Structures are given as C-alpha cells and as structure tokens.
Amino acid sequence: MTIEPSTFEALGLSPALLRALAEQNYNTPTPIQLQAIPLAMAGHDVLGGAQTGTGKTAAFGLPLLSRLSKTTAPAGPRKPRALILVPTRELAVQVNDSLKSYGKHLRMNFGTIFGGAGMGLQVEMLRRGVDILVATPGRLIDHLERGTAKLDEIEILVLDEADRMLDMGFLPAIKRILAKLPKDRQTMLFSATFEAQIKQLALEFMRNPHQIQVAANNTIAEGISHKAHPVDASRKRDLLVKILAERFGEQVLVFGRTKHGCNRLAEQLEEAGLKAVAIHGNKSQGQRQKALNAFKAGKARVLVATDVAARGLDIPNLPLVINYDLPMVAEDYIHRIGRTGRNGMTGEAISLVGSDEGPLLKQVQRMLKKDVELVSVEGFSPTRPLQLEGAMPNARRKPAHRPHGKPPTRHSHAGPQGRGASAGRGAGSRNGFAR
Ligand code: AMP
C-alpha cells in the first residue's frame, strides 16, 4: 500500500497520536502542519508564519508530544520538559485543551499557568509534576521568583503568537524566562508577523531556524461578501437588532471598539430579547471563559467582542460577522473577518458605518483592494452623507492588557498610523533565515 505524502501517517506520527487525531476527525494535515511537522520531528528549530485558525497548535503540538513520548522523564519529581508561552489566559486554556486531546493516549501530565487566577492551585499542580506546561509569561515569572516552577529540564520551547506577546509588553519577561532554560533545546516560534524585534529574538535564541509561512497576513477568504450600511451612530443599535431579527437564530459575532461599548451593547441586545454575551479585557478570566462557552454551546446567539479580546480565540466558523464599529486599524478588519468563510465556506461581513467612520472604511477598502458595497437600509439612511475622505475619528484605543503594569513596547494600539501603516507586513517579510 502506498501512503500519500500528505497524510498524518506519512508524517511519521506514532499510532497513539494517529488514533487521537482520527477520533477528532483530523483527516488531512493543514498546510502549516505539512510544513512544520517534518522539520520539527527532525529536531530543527522552526520559525512559523501562521495565524490562529491555520492549525498551528497541532503543527507544534504533535511533534512536541511525539518527541516527549519517545524519551523518559528523569527520575524524581516530574519537572516540565516542554514549555509553551502564550500571550493570554484564553489561549493558554485553548492550547492546553488541544494538546491534551492530541496526547490523550499518551501518559503525559499537562498544566497551565496564567495570571488572574489564584497561585495556590498552580503551585500545587507544579509540585505534583507536569510534563508539558502552557504559560503566560508574567505569571511564569512569578512562579520562577518564588521557586515554584523549575525550567532546567525543558527540552522544547514554543513561543506561540510571539508578535502578540511583544505587543503586550512581554519581551522583558520572555527574555528572563529564556535565560532560565537549558541551551540545548528545540525552539519553535509562531507569529502572524515578523517585524524586527521578532527576527532579533529568533536570531538570539534559536539555532539556525527553518522558516515556514502559510497564507499571507492579509489574505481574505474568497467566499466572503463585504457590505457596509451607512447609518447615524445613534441608530446603529436599532439597525443591528433589525439585521439580527431577519437572521432567524443564526449565531453572529459582533465587533465593537470599546470595552464599555461592547458591554452596553450586549445588555441592550438582551433587553431587545436577543441572548447576547460580551467579551473584553475588563472581564475576569472566569467571565470571559463563561461567555465564550455559552456562545460555543449555542446558549448565546450574539457574541460582542473587542478586537483584543477576540484575537487568538478559537471561535467556530460563523456565517456572519458584524462590525458595529469599524476598527481603527484596517489590519484588525482582517482578523475580525477571519472568523467567517473558513474552509471554503461562504461568509458575510457587514459593517455599520457612522458618518464619521468614512475614512476608516476607505482604509479598509484600500487594504482589501476593492470597494465595499454601500447599501442604505430603508428607514436608516443617515442624516449626513458618508464622506470617505477626511480626518480619522479621534477615538484612540487604550491597550486592553498591560501585564505587570508595563507599558507596551511599541504603539500596538496607538491608532491608524501605528499599525495601519504596517498592515500586511507579514506577507512581504520573509527574511533570510535558513530554509
Ligand atoms: P489552531 O490554528 O491550532 O487554533 O486550529 C484551528 C482549528 O482547526 C481548531 O479548531 C483545530 O481543532 C482545527 N484543526 C487543526 N488542524 C486540523 C486538521 N488537520 N484537520 C481538521 N481540523 C483541524
């Protein structure tokens, strides 16, 4: 029997891993998995250009589990042998869940540590011993300082969503953690973009990394239709309720610009009889997880989110994404819209555009390299016509999360000039690392 080169079997994964994949209906490896798994299984360092939704967790998770399952842990209390650093608690939970499901037929202990939760349980978990540790950098530093986490037996390090960790000001924490790790280890770094700081990090801490890249940063699925409704800001809520009412039970992801605005909108939708939950940076870990679970379980029809809270979350493929507010940076439009039209399915993106948001729409059109169809809804025509030219609205976004009170290392959320100017940098930023 010949084995297709594009199957998980052909990638040399163990029967225990193949069984777990089959149970989850992972039939074919995704492009990032096809590229990363052979390199990582051969022991190379890997620098992967990929966003959430590409299957990157299995791309690093399967070779990681494969390697750990081949070697035995040193005698004595188990210390972590693999460390995965992630920017947020949500991603920590998500990555841990995925790794656990891939490794369910292996005898492996998993643990997560992140801020916003008590230290006690985490200390206890570390004391009992784990093989694989998923952590946010800030909280891991706390554990290192207290001596409750030991990293001297780490064989594999993964930096997941490295660009986002840097955006959140985690660079100093990451460097402190790196200094505690054995030099002789395998390192994998995944990032949607590769700006100078990430390249520098890779040059300093990786051994001749092999670079791989899937789907350029600003690729938008073909099957998505984009539409914009001009409307007065004061009537946006009514228009949203009308759109949702016409959609009969379809689940919808709605993006707002501010935490407060998202909260208020979810409350107002509830008042209008629509089951809605909000997720943003001001909510506690428990509240965010609860809201996401309610949406995933279909108990809430509408998930209202800020960009920062939604990034990196494994929100299922949805037929419709609504921009209640347009993003201040066009790049975020792509992240938002990436929640629909996945895997060749069709999707719809609707933007409610207030009269001062014309320039933001123009910015989106420029990035999409096409016009977004402007459709006036009867009864909701704006009192002032929409002007695409002119000054940007003045709503600066504050960083949603500053670990340990540190300022962000760069203008991650500083407004249009900040990241808008760099939209698409991932696509053209292939660098000179080994292939
Ligand atoms: P990730 O980019 O790792 O967050 O993965 C995105 C989604 O794709 C998750 O829901 C995974 O469970 C799913 N996924 C990853 N790889 C595969 C695969 N080879 N086949 C089917 N689904 C996959």
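Strands S1 and S6 run parallel and are joined by 4 bridges. (Two strands pair if DSSP finds at least two bridges between them; helices, H or I with at least four residues, and strands, E with at least two, are DSSP runs numbered from the N terminus.) This is a predicted model, in which local features need pLDDT of at least 70 and side-chain atom pairs count only at pLDDT 80 or more, while totals for chains, interfaces and linings use all residues. Residues are numbered from 1 along each chain as its sequence is written, and side-chain values use heavy atoms, with hydrogens and water left out.

**The sheet**

- Seen as a whole, the open sheet has 7 strands in the order S3-S4-S2-S5-S6-S1-S7, with parallel pairing.
- Strand S3 (110-113) and strand S7 (210-213) are at the edges with a single partner strand each, so one side of each has no neighbour in the sheet.
- On average, neighbouring strands of this sheet are turned by 15° against each other, direction ignored. (Axes are lines fitted to C-alpha atoms, for helices over the stretch in contact, and angles run from 0 to 180 degrees between N-to-C directions.)
- Strand S2 (residues 82-85) runs parallel to strand S5 (residues 156-159), with 4 bridges between them; Ala 82 has Ile 156 as its bridge partner in S5.
- Helix H4 (residues 89-102) packs on the sheet, where it touches S2, S3 and strand S4 (132-135), and its direction makes about 175° with that of S3. (Contact means heavy atoms within 4.5 Å.)

- S6 is largely enclosed by the rest of the structure, because 6 of its 6 residues are buried. (Buried means under 20% relative accessible area, exposed over 50% and partly exposed in between, with a 1.4 Å probe and protein chains only.)
- In a regular strand, side chains alternate between the two faces of the sheet.
- Both faces of S6 are covered: Gln 186, Met 188 and Phe 190 are buried on one side, and Thr 187, Leu 189 and Ser 191 on the other.
- Leu 189 of S6 stands opposite Leu 47 and is also the bridge partner of Leu 159.
- S5 and S6 run parallel too, joined by 4 bridges.

**Helix H2**

- In helix H2 (residues 31-41), the buried residues are Ile 32, Gln 33, Ala 36, Ile 37, Leu 39 and Ala 40.
- Their cover includes strand S1 (46-49), helix H3 (56-70), strand S6 (186-191) and S7.
- Gly 43 follows H2 and has a positive phi, near 90°.

**Aromatic rings**

- The structure holds 2 aromatic pairs. (Rings of Phe, Tyr and Trp, the last by its six-membered ring, pair if their centres lie within 6.5 Å; planes under 30 degrees apart count as stacked, over 60 as edge-to-face and the rest as tilted.)
- Phe 60 and Phe 190 form a tilted pair, at 5.6 Å centre to centre with 50° between the planes.
- This pair links distant parts of the chain, with Phe 60 in helix H3 and Phe 190 in strand S6, 130 residues apart.
- Phe 60 counts as buried at 0% relative accessibility, and Phe 190 counts as buried at 0%.

**Two residues to look at**

- His 229 lies in strand S8 (residues 224-230) and is buried, with a relative accessible area of 6%.
- Not counting residues up to four places away in sequence, His 229 touches residues including Leu 239, Ile 243, Ile 350 and Val 377.
- Lys 370 lies in the loop between helix H15 (358-368) and strand S14 (373-374) and counts as partly exposed at 43% relative accessibility.
- The C-alpha atoms of Lys 370 and His 226 are separated by 9.8 Å, although the residues are 144 residues apart along the chain.
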